[in-house]
Structure formats: C-alpha cells, structure tokens
Amino acid sequence: MDKKQSAGIAAASLVTNGMTVGLGTGSTVLHVIKELKRRHDDEGLEFIAVPSSFPTRLLCIENGFEYRDLCDVDKLDIAFDGCDRVDDNLNVIKGGGAAQTVEKVFACMADKFVIVADDSKYVRTLSGDVDVPVEVIECAWRSVQASLDKLGYESKLRNAGKKDGLVITDNGNIVLDIRLKGDEDLLALNNAVTLLPGVLEIGIFIGIADCAYVGTDNGCKIIYKNLH
Ligand code: DER
C-alpha cells in the first residue's frame, strides 16, 4: 500500500461518532478524507468536518460531508494535517504551502492534533534541510529581516517562480524563509520570532502535535507524545 495511504487510513481510525473533525490540506490528508468517506458509507460513521482551506472544503462538498467553516467553531475534537518535517519529539515544520498561520490556529483548536505523513517527512531531530516560513506583513519585511539576522538567521523572500513573483499568503502577506541550525531551542526561537512586530506566525509547531502517523514500507509507525 502507498505510504501516505497507510498513514491516512490508520489515522482515520481515531475518529468516532459525533466528533468535530478538522481536516487540513495536502496529499496525505486526502487519504484521511477518503477513509472517512468509506467509514461513513460502510459503517455509518457520523461526524462534522471542518476544513482548514478552500481545496479541502471542496473535497468535503464532493464527498457529501456535513461541514462547518473554521470561523464558525471554537474547538475541534480532533484535527489531521500533513507536514514538511516531523521529528521524534513531535516537533513539526509546516508551511510548504505557506498556510502555516491558519494551520497553527486550526491545530491549536484541536483536543488532539494528529500529523499524517510518509517517512520522507520523518527525521530524528529537526534540522535545516527545509525552509521554515515566517509570515510577515509587507511593510515590516525589512525590519523583520534585520531582526532575524540579529537572531542569527539569514532569510529570503519566498518566490513563486521566475514569472509569478512573490508568494502571497491567503491572508495577503509575504513570507520570509529561514533554515534551522539544528541545535537551537525551538520554543525560544518560536517565541522570539512571533514577538517581532509585523510577524504573524512561524512554521514551527512545538508542543502542539499529540501524535504522528507515519507511513513506511512496513506499515504505519505511530509517534506518541512523551513516549520516547
Ligand atoms: O505543512 C505543509 O504546508 C505541507 O506542505 C503539507 O501540508 C503537505 O502535506 P502532504 O505531503 O501530505 O501533501
């Protein structure tokens, strides 16, 4: 079985009748959605879906899910989302799609936040092998860049490609990408960066995920909080 599919199917088993279920975005969450649809049709599973993005909202409609918008609920019983990296301590890098601000709000609204990924996303400890996005309001980008420099992080504006110009987030802002060093205090970095005037969010999720379902060649490996 495909690794993302094995993670998605295993993670979807956490949903029980009557739950309000946050559905994130991406190719692994798609398998959670497919399995929830199967369980709805075959087992009569009833739940209310809350999509984190417009593409996932369309999938909820296509699959006939009862759904609510994120702004119409104050908490989620459980939420699923993909990631760019997850480590043994459930530290997570998100924001490949530049949607980390809404995704962090969404994740923190959930009683249980579940990462779904294949093992290409799994690392023992987060390091600097992928970009970490910092969402910034336009007028603050130079001052935020200077502050990031002072913190020891070179940053670059995220570009969509030669012809497409800068990436603009769903909130109408721009993104400065940094790379982790690998030996830093991640919570201290999160706090220092999110305190900078003009910064909305950074794409590191520390102490937020409750577990990660990681698809491997040998089935789905589950990483639980505080169990290693
Ligand atoms: O966090 C992100 O932005 C990621 O890009 C993620 O959501 C992608 O997930 P996928 O590998 O399951 O498509």
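Which residues of helix H1 (residues 3-12) are buried? I looked up Ser6, Ala7, Gly8, Ala11 and Ala12, and these are buried (under 20% relative accessible area, with exposed over 50% and partly exposed in between, using a 1.4 Å probe and protein chains only).

**Ground rules.** I note that this is a predicted model, in which local features need pLDDT of at least 70 and side-chain atom pairs count only at pLDDT 80 or more, while totals for chains, interfaces and linings use all residues. Residues are numbered from 1 along each chain as its sequence is written, and side-chain values use heavy atoms, with hydrogens and water left out. Helices (H or I, at least four residues) and strands (E, at least two) are DSSP runs, numbered from the N terminus.

**Helix H1.** I checked what the buried residues of H1 pack against, and found helix H2 (29-43) and the strands S3 (76-81), S6 (110-118), S13 (211-216) and S14 (219-224). Contact here means heavy atoms within 4.5 Å. At the N-terminal end of H1 I found a cap: a side-chain oxygen of Asp2 lies 3.0 Å from the backbone nitrogen of Lys4. A polar contact is a pair of N or O atoms within 3.5 Å; within protein, one must be able to donate a hydrogen and the other to accept it, and residues adjacent in sequence count only if both atoms are side-chain atoms.

**Strand S3 and its partners.** I found five of the six residues of S3 buried, so this strand is largely enclosed by the rest of the structure. Strand S1 (residues 19-23) pairs with S3 in the parallel sense over three bridges; two strands pair if DSSP finds at least two bridges between them. Leu23 has Phe80 in S3 as its bridge partner. S3 also pairs with S6 in the parallel sense, over five bridges, and Ile78 has Lys112 in S6 as its bridge partner.

**Lys112.** I then looked up Lys112 and found it partly exposed, with a relative accessible area of 33%. Leaving out residues up to four places away in sequence, Lys112 touches Leu14, Asp77, Ile78, Ala79, Asp210 and Cys211.

**Two open sheets.** S9 is joined to strand S10 (residues 174-178) by two bridges, and Lys156 has Asp177 as its bridge partner in S10. The other open sheet has the order S7-S4-S5-S12 and mixed pairing. Its edge strands are S7 (122-123) and S12 (204-205), each pairing on one side only.

**Ligand.** Which residues come nearest to the ligand? I found Ser27, Thr28, Asp84, Lys94 and Lys121 among the 14 residues around the ligand (a residue counts as near if one of its heavy atoms lies within 4 Å). A side-chain N or O atom of Thr28 is 2.5 Å from an oxygen atom of the ligand. For the side chain of Lys94, I noted 2.8 Å between an N or O atom and a ligand oxygen. Gly96 has a backbone N or O atom 3.1 Å from an oxygen atom of the ligand. The protein covers 86% of the 350 Å² of accessible area that the ligand has on its own, by the Shrake-Rupley method with a 1.4 Å probe.
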